[in-house]
Amino acid sequence: MENTNDDAQHHVQHKKYEDLHFVDSTKSVWNYSLFSDEDISNFQNGTHYRLYELFGNKQLEVLNTQGTYFAVWAPNATQVSVIGNFNNWDNEAHKLFVRLDKSGIWEGFIPNVWSGESYKYHIHGYGGTQLDKGDPFAQLWEKRPLTASITWGTFYEWTDETWMKQRKKNNALTSPFSVYEVHLASWMRPDKNDEESYNTYEQISERLVPYVQQMGFTHVEFMPVMEHPFDGSWGYQGTGYYAPTSRFGSPQDFAAMVNAFHNAGIGVILDWVPSHFPYDAHGLFMFDGTHTYEYADMRKGYHPDWNSYVFNYKRGEVKSFLISNARFWCDRFHADGLRVDAVSSMLRLDYSRKEGQWEPNEFGGNGNIEAIAFIKDLNETLYRDFPDIQTIAEEASDWPGISRPTFEDGLGFGMKWMMGWMHDTLDYFKMEPSLRHLIQNKFTFSMMYFYDENFMLPLSHDEVVHGKSPMLYKMPGDEWQKFANLRLLYTYMFTHPGAKLLFMGNEFAATSEWNYKSELQWELLQYVSHGGMKYCVQKLNKLYRNEPALYEKQFIQGGFEWLDLTKGSYAVIGYKRMGNNPEDDVLVILNMTTQVRNDWEIYVHGKGEWQEIFNSNSKEFWGTGDVYNPQIRTELMNEETKAYKLTINLPALGAVVLR
């Protein structure tokens, strides 16, 4: 098998260990190291952000002999050996050397072990425990339910130069940012009735890349691809932080999929979970017989919501591990961004904990000071090394400055999920249309605090599981009204300021909750109602991408203006979206009721000529298609202020966009 390890090549340029030290090649494990003294001090200080070049397994040539160098951090161990098929899982055959600098790193070179070998570390841990652990830095693992790591690297010949050169613009906050959220296993399966059947990364990209391109999304976001033992965790309980899951193929196959998206002009965002990890025996928990990666104090170290364990952000080695991991996905797999999961749970010591279950910080507050410092360092490092990406916080509280730069005392994320918008909007749309005027301020509230952060509007996987019902069945009314309401909601989302995120299946109005064991309900597309919904989302993506007023100022003041909030009692809402050029201004009018409103009057300043460019009640979307505006009647009311009265027709449960 060819060498699939870029680290081997990376280290060729440096003076080799054997040029400076005597290597005893008579033993089963040769003394060898890739670490410098500087590496060790940075690792311990929490400032080493390229650990994946040193730890794990590296296929090398030492003294004209090919083999694999192993390095693992187990500071409380008294003995560590490598076990695998190559030595019949013999605990004594290949013992690693502990470094004498008290770093807790065990390392050594094993000749004639090459790519593709399954292995674990056999650890004599704290208090005499004996553990068999997977490699925290392995870049490939056996497919679950097997739990061993595999000697392998990430080398791949990329061909996405064009994307990488242009992505600064594609990922900018002043560009359209429309994300299709995907769970790779259940988007489509070879057999929808067999949860053990998976498409390969190659098969997924053959189907998913053209689909995302056809739908007009600018980015995909994958729910965690990092190796995880239990499908039901959807990837959020990871054991292999440095490995794309082997369910669908090798790291090279995963890289090829990212490459294919890039060559189709689509960005790739990865879900990343630095908040907690599961207690599986082969994973990070109690790694060397005691709390190595997690806090020892279970008031901080145990996560009651997820029955999992919290990283010890105070520990330099753990911080180095996590920030190196974030860099790894951007460096080795060209990720265009990381959506960081469960940020609220990291920031707050009292998150999901009752009184007495948490201890205030040294200032008496509920903030986890070392987690806050970790997040700031994370974002500063990522934006320094990969200035063209975005980090996105999934954070549900009113913590200030999540997406503000660290030099303004923010946390430094590029964007934050706007959970408040999502909750208020769904509450509003669930309401009977005849009663919506009573909660109109719930609808307008989002703009009161919109400029506090760079917000992404999410209609994510969380909203269509656990009995919350699919998007379609959150809507009131008969079947036609449900579809009309949902098209109205999506039009509102795509014309509201901010980036967008839509979970797979939402685009064609799935009728059942998302089920990770099966696949999306593709059979629904035979019905004109669902096909029409899909086409509506396609056209909304196109509208968003083609109208500069909808994205140029999507995060800054001056890009949005309410038209007339006095008509709230009619549940008709209008707003103007503005870009850099006043000629590009767009008007959006939403009729939230089941009544058609012909000859509706609105007043605008600026342009005198308008035309309808989008109507959510269009026949091609399964609307009635009979209430539209072939011509907009305009009347100049005040020449000095350029005030115009427009008279338009509004379909029932419909949205009209004018330019």
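Start with the surface of the whole chain. The accessible surface comes to about 25,100 Å², and 49% of that belongs to carbon and sulfur atoms. Accessible areas come from the Shrake-Rupley method with a 1.4 Å probe, and for residues only the protein chains shown count as cover.

A word on the model. It is predicted: local features need pLDDT of at least 70, side-chain atom pairs count only at pLDDT 80 or more, and totals for chains, interfaces and linings use all residues. Residues are numbered from 1 along each chain as its sequence is written, and side-chain values use heavy atoms, with hydrogens and water left out.

**Whole chain**

Switch to the cartoon view. The chain has 16 helices and 29 strands. These are DSSP runs numbered from the N terminus: helices are H or I with at least four residues, strands are E with at least two. The radius of gyration is 27 Å, close to the 26 Å that the globule rule gives for 659 residues, so the chain is as compact as a globular protein of that length. That radius is taken over C-alpha atoms, and the rule is 2.2 Å times the number of residues to the power 0.38.

Now show the C-alpha trace. Along its principal axes it spans about 95 × 55 × 45 Å. Of the 659 residues, 63% are buried. Buried means under 20% relative accessible area, exposed over 50%, and partly exposed in between (1.4 Å probe, protein chains only).

**Charges**

Colour by charge. There are 59 positive and 86 negative side chains. Lys and Arg count as positive, Asp and Glu as negative; His and the chain ends are not counted. The centres of the two sets lie 3 Å apart, with each charge placed at NZ of Lys, CZ of Arg, CG of Asp or CD of Glu.

The structure holds 34 salt bridges. Each is a side-chain nitrogen of Lys or Arg within 4 Å of a carboxyl oxygen of Asp or Glu.

Select Arg144 and Asp231. Their side chains meet in a salt bridge (2.8 Å, N to O). Arg144 lies in the loop between strand S7 (130-133) and strand S8 (149-150), and Asp231 in the loop between strand S11 (226-227) and strand S12 (240-244), so the pair ties together parts 87 residues apart in sequence. Both Arg144 and Asp231 are buried.

Next, select Arg299. Arg299 has a salt bridge with Asp297 (3.1 Å, N to O) and another with Glu359 (3.3 Å, N to O). Arg299 sits in helix H8 (residues 298-301), while Glu359 is in the loop between helix H10 (343-347) and helix H11 (369-385), 60 residues apart. How accessible is Glu359? Glu359 is partly exposed, at 45% relative accessibility.

**Two loop stops**

Go to Glu142, in the loop between S7 and S8. Glu142 is buried, with a relative accessible area of 18%. Leaving out residues up to four places away in sequence, Glu142 touches several residues, including Ser118, Ile150 and Glu227.

Finish at Ser275, in the loop between strand S13 (267-272) and strand S14 (276-277). Ser275 counts as buried, at 1% relative accessibility. With residues up to four places away left out, its contacts include Tyr309, Phe311, Asp341 and Met346. Then pick Phe483: the C-alpha atoms of Ser275 and Phe483 are separated by 38 Å.

Terms used. Contact means heavy atoms within 4.5 Å.
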